[in-house]
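Hi,

My notes on its cavities follow.

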Amino acid sequence: MTTVPGRAAVAHGRVTLPFWQLLAAGVLTLVFGLAVLAWPQATLRLLGVLAGLWLLAIGLTRVIGIFRRSPDAAHRVTTRQVVDGAFGVLLVVIGLACLREVAAGVTAVAVLLGLAWLLSGFAELLLGMFAEGRTRTWLLVIGALSVALGLLFLAWPGLTLHALVLLTGITALVIGIAEIVVAFESRHHAAVTSA
């Protein structure tokens, strides 16, 4: 295994998550959060468009990850690739729905964002089960946080636009920063274990 993994690898039953994919997800989520908070007086249409574009980008990143295989895995598809691919397709669908339903109101956007956070949390929890060390801990924490936030959005869909914008922006900032930390943590873990 290389010291800086660019792809998922399976070694001795251990899954190493791809650095580029974790970093891309973190940066995209962080930028989305900053964009939402930069325009707190945003209209519902702008929030829906930003959320839809963010979900599409994250979904496509995960779908692209299906086709990136490690040399060790030959032509096998790993569990991580299946989870990422399925989750990526769901995010693309939710992103498209978000872009399509921007005129439907605050409740529709809140429900779509809640579903995205909930599904993201479940995927992170599942991936955390396959990881090791601090990467596993970080993924489980991010997953639990995402699930909790998704449930909050779904339980409280009647948010005001201002509350929805602030909650979405702050949530995206926290999750984005955590995903960036996980990316560098998994890269460091891979470098230490391969040395």
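The largest cavity holds about 110 Å³ of space. A cavity here is a set of points, on a 1 Å grid over the protein atoms alone, where a 1.4 Å probe fits but cannot get out. Volume is the space filled by probe spheres set on the points, with points joined across faces, edges and corners.

This cavity is lined by 13 residues, and Thr 29, Trp 54, Ile 58, Ser 120 and Glu 179 are the closest to its centre. Lining means an atom within 4 Å of a point. Helices H1 (19-38), H2 (44-66), H3 (79-100), H4 (106-130) and H6 (161-194) each give two or more residues to the lining. H2 has the largest share, four residues. Helices are DSSP runs (H or I, at least four residues), numbered from the N terminus.

By class, the lining has nine nonpolar, two polar and two charged residues. Nonpolar covers Ala, Val, Leu, Ile, Met, Phe, Trp, Tyr, Cys and Pro; charged covers Asp, Glu, Lys and Arg; the others, Gly among them, are polar.

The model is predicted: local features need pLDDT of at least 70, side-chain atom pairs count only at pLDDT 80 or more, and totals for chains, interfaces and linings use all residues. Residues are numbered from 1 along each chain as its sequence is written, and side-chain values use heavy atoms, with hydrogens and water left out.

In total there are three cavities of 30 Å³ or more. H1 gives the most, three residues.

Best wishes

Conventions: On a 1 Å grid over the protein atoms alone, a cavity is a set of points where a 1.4 Å probe fits but cannot get out, and a pocket is an open set with protein on both sides within 12 Å along at least five of seven lines; lining residues have an atom within 4 Å of a point.
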